[in-house]
Amino acid sequence: MRILIVEDEKLLADSIQTLLQNKGFEADTAYDGETGAQYAELGIYDLLILDVMMPGMDGYELAKRIRAKRIGLPILMLTARSEVEDRVRGLNAGADYYLTKPFDTRELIACVNALLRRQGSQVDEMTCGNTVLDLSSAFLSCGIRNIRLSAREFEIMKCLFAAGGKNVSKETILSKVWGYDSNAVENNVEVYIGFLRKKLTSIESNVRIEAIRRLGYHLEVAGSDQNASV
């Protein structure tokens with residue numbers, strides 16, 4: 001699971017990042033709202049931890065911007081403001097939970113786990129055409145035929161299914177699957193797309209991975225306009 005922390009107090013942001021990494025999460029930080037919005041819009045995160053009081057774009061505005069773009073990742077807001085009106089404003093802006101500062105790190109981790117469980121429990125599988133991607137087992141199935149995907153194949157396929165027929169750029173796939181600090185290049189994506197195409201063919205799927213130059217990849221169903229769904 002990958003978490004984005006948007007907090008202008010660098011020491012606090014880095015402390016939360018270290019805490020999450022020690023709990024087995026991947027965590028990235030952004031120290032202002034505009035940068036945080038750009039990261040959140042990449043579509044590679046499973047949870048956003050968001051400070052409210054930031055110069056420039058504050059947490060309320062950032063949350064509204066994300067929700068306006070139909071980005072559904074859970075948002076945990078952190079703030080020193082504890083009045084009811086502030087909590088209501090945060091929830092109305094799109095937050096899923098509101099945690100006031102100072103907070104106990106145990107409560108923060110409990111909130112993170114609860115939001116991630118809630119997100120994960122809503123979807124067990126994703127479908128496109130006659131093909132099913134099982135999120136718990138990483139099996140790709142078509143009728144009685146199925147094949148297990150490697151970890152990276154699974155993450156790439158999940159990105160494509162989640163895109164609902166929209167293009168996913170190579171840069172997004174690299175960030176999501178290999179991470180920002182990886183030395184992987186676009187050729188790595190192309191190789192794994194080749195693996196996935198062969199596996200789709202092997203189970204007689206009617207789903208195809210199509211490439212659009214400079215835009216990336218998307219799923220198409222042969223002879224149909226049907227897109228991926230959950």
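**Exercise 1.** In this predicted model, find which residues of the largest nonpolar core touch the most other members.

*Solution.* Begin with the core as a whole, which holds 29 residues, and among these I156, M157 and I209 touch the most other members. Next, ask which elements give two or more residues to this core: they are strand 6 (125–128), strand 8 (139–142), helix 6 (151–162), helix 7, helix 8, strand 10 (207–212) and strand 11 (216–221). Then look at M157 itself, setting aside its neighbours within four places in sequence; the residues in contact with M157 are then L133, L140, L149, L196, L200 and I209. Finally, note that there is a second, separate core of 23 residues, which includes A30, V52, M57 and I71.

**Exercise 2.** Find the aromatic pairs in the whole structure, and describe how ring pairs link residues into a cluster.

*Solution.* A search of the whole structure gives two aromatic pairs. One of them joins W178 and Y192, whose ring centres are 5.6 Å apart with 75° between the planes, and since edge-to-face requires an angle over 60 degrees, this pair is edge-to-face. W178 belongs to helix 7 (residues 170–178) and Y192 to helix 8 (residues 186–202), so the pair ties together parts that lie 14 residues apart in sequence. The other pair, Y192 with F195, is also edge-to-face, at 5.3 Å centre to centre and 75° between the planes. Here both residues lie in helix 8, three residues apart, which is about one turn of the helix. Taken together, the ring pairs link W178, Y192 and F195 into a cluster.

**Exercise 3.** Decide whether W178 is buried or exposed, and then classify F195.

*Solution.* W178 has a relative accessible area of 12%, and because buried means under 20%, W178 is buried. F195, with a relative accessible area of 36%, is partly exposed.

Terms used:
Residues numbered from 1 in each chain as written. Predicted model: local features only at pLDDT ≥ 70, side-chain atom pairs only at ≥ 80, totals over all residues. Heavy atoms only, no water. Phe/Tyr/Trp six-rings, centres within 6.5 Å; stacked < 30°, edge-to-face > 60°. Helix = DSSP H or I, 4+ residues; strand = E, 2+ residues; numbered from the N terminus. Buried < 20%, exposed > 50% of the residue type's maximum accessible area, 1.4 Å probe, protein only. Core = buried A, V, L, I, M, F, W, Y, C linked by side-chain atoms within 4.5 Å. Contact = heavy atoms within 4.5 Å.
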